[in-house]
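Good morning, and thank you for the time. I would like to take you through one structure, beginning with a single residue and ending with the chain as a whole.

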Amino acid sequence: MLIARSVGLFVVAALFEIGGAWLVWQGVREHRGWVWIGAGVIALGAYGFVATLQPDAQFGRILAAYGGVFVAGSLLWGVVADGYRPDRYDVVGALVCLAGVAVIMYAPRAG
């Protein structure tokens with residue numbers, strides 16, 4: 001159950017962080033304005049809060065593992081939101097990152 005909760009929190013965190021960054025990008029680079037930028041800043045703040053809800057209390061571990069989720073999630077966001085077509089190296093790289101997440105977060109550790 002803890003793993004499922006942790007994975008769910010990583011997904012929610014990714015939606016807030018990647019979505020927030022995308023909103024800021026749209027506001028600035030695509031000239032959509034301050035409302036988009038403001039929404040992005042709020043979403044980025046929510047990401048920071050969601051990260052604190054992880055069952056593991058080690059900040060460095062959580063953020064290191066989330067880096068792998070961010071890589072894979074960013075590619076997926078690009079596919080859905082921007083029509084990006086990842087190549088096989090993008091996919092392999094994302095899978096390597098997710099394998100790293102699994103090792104960092106869920107490998108058995110001596111108590």
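Let us begin with Ser 6. Leaving aside neighbours within four places in sequence, Ser 6 is in contact with Gln 54, Pro 55, Met 105 and Tyr 106. Please keep in mind that this is a predicted model. With one of these partners, Gln 54, the side chain of Ser 6 makes a polar contact of 2.7 Å. Ser 6 lies in helix H1. Is Ser 6 buried or exposed? Its relative accessible area is 2%, so Ser 6 is buried. To give a sense of distance, Ser 6 and Gly 19 stand 13 residues apart in sequence, and their C-alpha atoms are 19 Å apart in space.

Helix H1, which covers residues 2-29, also holds Glu 17. Which residues does Glu 17 touch, not counting those up to four places away in sequence? They are Leu 44, Tyr 47, Tyr 66 and Phe 70. With Tyr 66 there is a side-chain polar contact of 2.9 Å. Glu 17 is buried, yet it has no salt bridge. The nearest side chain of opposite charge belongs to Arg 29, at a distance of 17 Å.

On charge pairing in general, side chains of opposite charge can pair when their charged atoms come close. How many salt bridges does the structure hold? There is one. It is formed by the side chains of Asp 56 and Arg 61, with 2.8 Å from N to O. Asp 56 has a relative accessibility of 21%, and therefore counts as partly exposed. Arg 61, at 24%, likewise counts as partly exposed. For reference, the cut-off for buried is under 20%.

I turn next to the nonpolar residues. The largest nonpolar core has 13 residues, and those with the most contacts inside it are Phe 10, Tyr 66, Val 69, Val 101 and Met 105. Each of the helices H1, H2 (34-51), H3 (59-82) and H4 (88-106) supplies at least two residues of this core. The most come from H1, which gives five. As for Val 69, its contacts beyond four places in sequence are Phe 10, Ala 14, Leu 98 and Val 101.

His 31 is placed in the loop between H1 and H2. Although it is not a glycine, His 31 has a positive phi of about 55 degrees. With a relative accessible area of 70%, His 31 is exposed.

Finally, the whole chain. Its secondary structure comes to four helices and zero strands, in the order α-α-α-α along the sequence. The C-alpha trace spans about 50 × 35 × 20 Å along its principal axes. Of the 111 residues, 27% count as buried. Among contacts with a separation of 6 or more, 67% join residues 24 or more positions apart.

The database record can be set beside the model. In an unreviewed entry, UniProt lists residues 7-25, 31-50, 62-79 and 91-108 under "transmembrane region". Over residues 62-79 the model is 100% helix and 0% strand, with the end C-alpha atoms 25 Å apart. Over residues 91-108 the values are 89% helix and 0% strand, with 27 Å between the end C-alpha atoms. Thank you for your attention.

Technical notes:
Residues are numbered from 1 along each chain as its sequence is written. This is a predicted model: local features need pLDDT of at least 70, side-chain atom pairs count only at pLDDT 80 or more; totals for chains, interfaces and linings use all residues. Side-chain values use heavy atoms; hydrogens and water are left out. UniProt positions are given in the numbering used here, feature names are shortened, and annotations may be inferred rather than shown by experiment. Buried means under 20% relative accessible area, exposed over 50%, partly exposed in between (1.4 Å probe, protein chains only). Lys and Arg count as positive and Asp and Glu as negative; His and the chain ends are not counted. A salt bridge is a side-chain nitrogen of Lys or Arg within 4 Å of a carboxyl oxygen of Asp or Glu. A polar contact is a pair of N or O atoms within 3.5 Å; within protein, one must be able to donate a hydrogen and the other to accept it, and residues adjacent in sequence count only if both atoms are side-chain atoms. Contact means heavy atoms within 4.5 Å. A nonpolar core is a set of buried Ala, Val, Leu, Ile, Met, Phe, Trp, Tyr and Cys residues joined through side-chain atoms within 4.5 Å.
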